[in-house]
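Subject: Structure handover

Hello,

Here is the structure for your files. Please open it alongside this note.

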Amino acid sequence: MADERDEIRARIDIVDLVSQRVSLKRSGKNYTGLCPFHDDRNPSFYVDPTMGRYRCWSCGESGDIFDWVMKTENVDFAEALQSLAQRAGVTLRARSNATPPSLREMYRTAMAEALQFFREQLASHSLATDYCSQRGLDGATIEEWEIGYAPNVGEALATHLKRKGIPLAEAKGLFLVDEDASGGYYDRFRSRLMFPIRDEKGELVAFGGRLLGDGHPKYINSSDTPLYRKSRVLYGMNKARDHLSKARTAVLTEGYLDVIACHRSGVKGAVASLGTALGEEHAKLLKRWCDQVTVLYDSDAAGQKAAERAIDVLQAEGLRVRIALMPSGEDPDTLLKTSGPEAVSKAASKGVTPIDFRLSRLEERLSHEDEAFWDEAVAILGASTQHLEVDRHISRLAGVYPGYRDISAAQRSLSQRIDSVRRKGSPQGQRPVSRAAPEHRAVQAALLSHELVIFRALYETSFQSFVWIAVVGQQEIFATQPAIELAQAIAKAFPSEPPTGPPSGWIHRIEPESMRVLLTDIAQDLRASNVLEDTLIDAIGFLRKQAEQRKIREERQGERSQAERQEILNRLRRLNVEEPSEPKDDEEDPFA
């Protein structure tokens, strides 16, 4: 598969590909234009054909040809691969674990037969129709969402599928039936209102069932099957996708009936995770279709805890997040019944920011007089990159900050504590934040200019072997954390031999994505636009010298004999350093 991707990358010109959607103008070695991922008024989007990547300095979106197709056409990687392979004239090898077409068609037939069976059963069972009436599910809603019923009979579905020629062993793999100790088959779902689950393309892949009557568990959802991975499917996505592609905002709820209630109330972007906590794959799916997610969970303790986790998962994928907790004791389904569609729509639109949400929870739990409150509040504010919002909360909280009568002094004290957390890293554990161009520029700027020269030289084919030896074999010469992490990423991607050829052919091997973005940004840095052999040798020599000085200082701090101390001084003299202090970059670094 890797060879196929490399061949596709070699055949597809990223400038030609992006030009189909964005008007690009040449600017030096790169091409620039208006970013298609945000409301860009001044060109902040560029394509680097040498790196084989695109990048927006404003919103932070970046990637290669596969990312471009996935994000602009709202498809997953497999679909992007197929599309680009066809464009490049590359024939993809059949995957060894792929389901044969005939078997997959049988799976689809089995699922369709099960759906028809459940829908036919609904009308003939008063327990199910009475429950639907109580929940306000009218005939049109039942028809639109294909709601059915699994009767409380041990082998009703199994018998139906067998009559239709469906092998029950295969139906078991689809979580429709199960097998007892004697080898007989019985229904997985019994006495349950049935909700068909379709993926974003509309294919029926699973079922969920809500128990009618007493017993546990209240809900049963299909486990992973040949058709279904619950970590990659959101309920209602097939109906929400067209709305999301235009509005770019999703509403995340907790269950089937909540999604249905939202759609009935005009909130057409509502979806829900299925029988599992919101995960990374769910967030990636949402990111393909929208830019912002409003979390609309119950206001009880479990709902708030789930909302906390959803914030981290969604922000890690670069999604903007709002939290819109339901009124106490309500969910979208019950609110629709008691107060009407406008109340549901209003609840979904009243989202607050993650900082507002977390500080509000904190203020409900702890008093302003409690020092633990301020420790947690500072950790929350220190972990955020939303500086204007942080300043707003500093101004608000300064009025209740203990020990200060002067508001300005309280604000300064809070700001200092928050800055300290940002410098050291929050002791509470920093939360993931979305990718943003300013953050990457800050990381890039944090590199020493000599470090920048070394990594920039990696793009030149004549220097690649030389640089690779320095990066992989002498990682201790790097001083800044971004350089250390980048050197480690390169060594991991190329442990035994250097990269060869233009970066577009090998940068995709560097992990994680943040390191690929950093390499892309380095290519645009004017401090190392023209790397010469002498410049590269000087840069490596300078960093080696600094590394040796750091080592000597560490040794000098320990207990040493007189002979050892004399040897350390001799080494310092050989380095032409009189005192073991950090060299000043503006004096010794000709690239600064």
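The model is predicted: local features need pLDDT of at least 70, side-chain atom pairs count only at pLDDT 80 or more, and totals for chains, interfaces and linings use all residues. Residues are numbered from 1 along each chain as its sequence is written, and side-chain values use heavy atoms, with hydrogens and water left out.

The sheet

Four strands form an open sheet in the order β6-β9-β10-β11, with antiparallel pairing. Strands are DSSP runs (E, at least two residues), as are helices (H or I, at least four), numbered from the N terminus. Pairing requires at least two DSSP bridges between two strands. β6 (148–150) and β11 (219–221) are the edge strands; each has a single partner, so one side of each lacks a neighbour in the sheet. The twist averages 30 degrees from one strand to the next. Angles run from 0 to 180 degrees between N-to-C directions, with axes fitted to C-alpha atoms, for helices over the stretch in contact.

β6 pairs with β9 (residues 192–198) over three bridges, in the antiparallel sense. G148 sits opposite M194 of β9.

The helices

Helix α11 (residues 256–264) packs on the sheet and touches β9, β10 (204–211) and β11. Its direction makes about 70 degrees with that of β9. Contact means heavy atoms within 4.5 Å.

The axes of α11 and α14 (residues 332–339) come within 7 Å and cross at roughly 45 degrees. L257, D258, A261, C262 and R264 of α11 meet P332, D333 and L336 of α14.

Best wishes
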